[in-house]
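User: I am new to this structure and should like to understand it step by step. Please take my questions in turn.

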Amino acid sequence: MPLIIAIVLLSVLKYLEIGPLDNLSWWWIVGLFVLAFLWFEFFERMLGRDKRKAHEQLEKARKERIKKTFK
């Protein structure tokens, strides 16, 4: 998520031509978009991070159910 926030912030600053970003090429920002796309579509799945997050949410819900049942 921080990558997406950084890309959006850089895009806005580049569009408004604020600071040193007015001389920056748009290809750098497009490259960051491509990097973010590749990360979320391929690398995150290859590393199993998407399933790990889902598993952690299920585990948290299970623990809350158990705590609620035996309270």
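This is a predicted model: local features need pLDDT of at least 70, side-chain atom pairs count only at pLDDT 80 or more; totals for chains, interfaces and linings use all residues.

User: How far apart are the end C-alpha atoms of helix 2, and what should its 22 residues span?
Analyst: Helix 2 covers residues 26–47, and a helix is counted at 1.5 Å a residue. The 22 residues should therefore span 32 Å, and the separation in the model agrees with this.

User: What is found at the start of helix 2, and what just after it?
Analyst: At the start, Ser 25 directs a side-chain oxygen towards the backbone nitrogen of Trp 27, to within 3.2 Å. Just after the helix comes Gly 48, whose phi is positive. The value of that phi is about 80 degrees.

User: Which residues of helix 2 are buried?
Analyst: A residue is counted as buried when its relative accessible area is under 20%. In helix 2 this description applies to Ile 29, Ala 36 and Glu 44.

User: Is Leu 32 buried, partly exposed or exposed, and which residues does it contact beyond its neighbours in sequence?
Analyst: Leu 32 lies in helix 2. Its relative accessibility is 27%, so Leu 32 counts as partly exposed. Once neighbours within four places in sequence are set aside, the contacts of Leu 32 are Ile 7 and Leu 10.

User: How far apart in space are Leu 32 and Ile 5, and how far apart are Arg 45 and Ile 18?
Analyst: Leu 32 and Ile 5 are 27 residues apart in sequence, with 11 Å between their C-alpha atoms. Arg 45, in helix 2, and Ile 18 are also 27 residues apart in sequence. From C-alpha to C-alpha, Arg 45 and Ile 18 are 36 Å apart in space.

User: Is Arg 45 buried or exposed?
Analyst: The cut-off for an exposed residue is a relative accessible area over 50%. Arg 45 has 52%, and therefore the residue is exposed.

User: Which residues does Ser 11 touch, and is Ser 11 buried or exposed?
Analyst: Ser 11 belongs to helix 1, residues 2–15. Residues up to four places away in sequence are not counted, and Ser 11 then touches Trp 26, Ile 29 and Phe 33. Because its relative accessibility is 15%, Ser 11 counts as buried.

User: What is the phi of Glu 17, and is the residue buried or exposed?
Analyst: Glu 17 is placed in the loop between helix 1 and helix 2. Although Glu 17 is not a glycine, its phi is positive, at about 55 degrees. The relative accessible area of Glu 17 is 55%, so the residue is exposed.

User: How many salt bridges does the structure hold, and which residues form a salt bridge?
Analyst: Side chains of opposite charge can pair when their charged atoms come close. The structure holds one salt bridge. The closest N and O atoms of the pair are 2.6 Å apart, and the partners are Glu 59 and Arg 62.

User: Why are Glu 59 and Arg 62 separated by about one helical turn, and how exposed is each?
Analyst: Both residues are in helix 3, residues 49–69, and they are three residues apart, which means a separation of about one helical turn. Glu 59 has 25% relative accessibility and so counts as partly exposed. With a relative accessible area of 35%, Arg 62 is likewise partly exposed.

User: What is the radius of gyration of the protein, and what would a compact globule of 71 residues have?
Analyst: The protein has three helices and zero strands, in the pattern α-α-α. Its C-alpha trace spans about 60 × 25 × 10 Å along the principal axes, and buried residues make up 10% of the 71 residues. A compact globule of 71 residues would have a radius of gyration near 11 Å, but the protein has 20 Å.

Note on methods:
Residues are numbered from 1 along each chain as its sequence is written. Side-chain values use heavy atoms; hydrogens and water are left out. Helices (H or I, at least four residues) and strands (E, at least two) are DSSP runs, numbered from the N terminus. The expected span of a helix is 1.5 Å times one less than its number of residues. Buried means under 20% relative accessible area, exposed over 50%, partly exposed in between (1.4 Å probe, protein chains only). A polar contact is a pair of N or O atoms within 3.5 Å; within protein, one must be able to donate a hydrogen and the other to accept it, and residues adjacent in sequence count only if both atoms are side-chain atoms. Contact means heavy atoms within 4.5 Å. A salt bridge is a side-chain nitrogen of Lys or Arg within 4 Å of a carboxyl oxygen of Asp or Glu. The radius of gyration is taken over C-alpha atoms; the globule rule is 2.2 Å times the number of residues to the power 0.38.
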